[in-house]
Amino acid sequence: MSDSPSLARRLARLTELLARHQPLWRPEPFQHLVPPWAEAFPDLQAALLALGEERLARLQAEPFVDSPLAEWLPVAELEALCALPELAPRPEPLPEAWAQHVGGRKWRQIEAFLPRVRLAPGQAALEWCAGKGHLARTLARRHGGEVLALEWDPALCAAGEALAQAQGLAVRPVRQDVMAPEAARWLTRATHACALHACGDLHRRLLEAAATAGSAVTLAPCCYQRTAAAEYRPLSRAAGVPMAEHGLALSRDDLALAVQETVTAPRGVRRQRRRAGAWRLGFDRLQRELRGVDAYLPVPSLAYGRMPGCFAGFCRWAAAQKGLSLPAGLDWAALEAEGWRRQAEVARLEALRHLFRRPLEVWLALDRAAFLAEAGYAVELGTFCPRELTPRNLLIRGRPASC
Ligand SMILES: C[S@@+](CC[C@H](N)C(=O)[O-])C[C@H]1O[C@@H](n2cnc3c(N)ncnc32)[C@H](O)[C@@H]1O
C-alpha cells in the first residue's frame, strides 16, 4: 500500500470506527464488576458471556473469523481496513553461520526483515536502537560497507563491538542516546535508517529526525505506549484531523491495547498466568469489601517465581502492598472461587477488546506512514513476517521523493 490518498482514507475511516466504539473497547474488564456499557448492550454482554472455551480460544487467536460480535459491530469492515500486503521481496533462508549468537526467534525476524531493506546505491545503512547490533551485522554481511549501530547501553555497545570484531564485520557501534538532540547528526540524505522493534518514542524520534534529514527508513514499530506523553499526539495531519472531528483521544493505557497480542506462551506459562489472574480478581473482590469502595485497586506485578504458593498467601502479600489489614476468619475458598468465576468472565469480555486490537495497531502504523507521506516520502506499509513469528509484524518503508 503506497498511495497517500488511500492511506488518508483508511486512517479517516479507522479513526471514525475507533472513535464511535470507544465506550466498548476502552474499559478494561478486570477493572469493573459490570462493564460500563452493559446496560446499553445487554445482548452483547450475554453473547460474550455465553462463549464456550473453544470458541473463545478461536476468537482470541482470530478476532475477525466467524465472530458472534458481527451482530453488533462492523467486524468485516474492520478486517478489511486491517488487511495489508506482505511487502516484497519474500525472504530466502540466510547462511546458518550468520545466525551465530542470535536467539532463534530474533534471527528469524531478522531473516524476514533483511530483504525488505532496499538499500539504494550510495546509501549507508544505520541501525537505530541496535542492542548488540544483530541486524546491523546481518546488513553488513549482505550489503558490505560500514553499518552504524546506535545504542545507548554501553554494555550492549561493547558486546556488539566484540561480536562484529570476532566476525570481521564493518559494524561501528556508537554509544548514543537517540532522544538527545545531537542524535540527528547521524542521519543524512545518504542514510538508510533501519529499526527492528524500536519502542514508542524511540521510533517516533527516528521518523521525525529522518524526515528532517531526508533519510530513507525501514521500520518495524513496537510498544507504542512507551512514550513520555500521557495523551497520544498524532504525527500526521491525516490522523490529527479526523481524530479532532470524531473525538478520538488515546491515553497511554489505550495504546497498550495495540500490542496486547503476544506470541502464544507455552501451556505451563498460560496456566500460571490464568491462576495469577484469578487470584488478582479474588483479591479485587476482597479489597472492595474491606475498603468499602467499589473500585479497582492496582496491585504491583510479581515475577512468576515470586508468586506465593497459595491464594491466601497472595492476598496477604497484596494487602501488605496496599497497606490493608486482613480480618481473621476469611473464607479463602469462597474468595478464590469468586476469583476464578470472574477470571472466566473477564476472559470472555476481553474478546470485545481483541476485536479492536489490530485496528488500533494498524491505525498507529498508518499515522506513522502518513507522516512520512506528508513529508514527501514514497511510503509502503505492509507486513514482513507471519504473526506467529511476532505479532509486531508491520513494516513501514519510506523513501524520500528524490531517491
Ligand atoms: C526493544 S530493543 C530492540 C533491540 C534490537 N533492535 C532488536 O530487535 O533486538 C530496544 C533497544 O533500544 C535501546 N534503547 C532504549 N532507549 C534508548 C535510547 N534512548 N537511545 C538509544 N538506545 C536506546 C535499548 O537499550 C535496547 O537495546
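Predicted model: local features only at pLDDT ≥ 70, side-chain atom pairs only at ≥ 80, totals over all residues.
Figure 1. Seven strands make up an open sheet, and their order across it is β3-β2-β1-β4-β5-β7-β6. The pairing within the sheet is mixed. At the edges stand β3 (171-175) and β6 (377-383), each of which pairs on one side only. On average, and with direction ignored, neighbouring strands of the sheet are turned by 15° against each other.

**Figure 2. The pairing of β2 with β3.** Strand β2, which covers residues 147-151, pairs with β3 in the parallel sense, and five bridges join the two strands. In one of these strands, β3, Pro173 is the bridge partner of Ala149.

**Figure 3. The crossing of helices α6 and α7.** Two packed helices are described by the angle between their axes and the distance between the axes. The axes of α6 (residues 104-113) and α7 (residues 134-143) come within 10 Å and cross at roughly 45°. The two helices, α6 and α7, are therefore oblique to each other. Their crossing is right-handed. On the side of α6, the contact is made by Trp107, Ile110 and Phe113, while α7 contributes His134, Leu135 and Thr138. Of the residues in this contact, four are nonpolar and two are polar, and no charged residue takes part.

**Figure 4. The crossing of helices α4 and α14.** Helix α4 (residues 53-61) and helix α14 (residues 332-374) have axes that come within 9 Å and cross at roughly 25°. This angle makes α4 roughly parallel to α14, because angles under 35 degrees count as roughly parallel. The crossing in which α4 passes α14 is left-handed. From α4, the residues Glu53, Leu56, Leu59 and Gln60 meet Ala347, Arg348, Ala351, His354 and Arg357 of α14. The residues of this contact comprise four nonpolar, two polar and three charged ones.

How values were computed:
Residues numbered from 1 in each chain as written. Heavy atoms only, no water. Axes fitted to C-alpha atoms, helices over the stretch in contact; angles between N-to-C directions. Helix = DSSP H or I, 4+ residues; strand = E, 2+ residues; numbered from the N terminus. Parallel < 35°, antiparallel > 145°, perpendicular 65-115°, else oblique. Left-handed = near helix turned anticlockwise from the far one by under 90°. Contact = heavy atoms within 4.5 Å. Nonpolar A, V, L, I, M, F, W, Y, C, P; charged D, E, K, R; others polar. Pairing = 2+ DSSP bridges.
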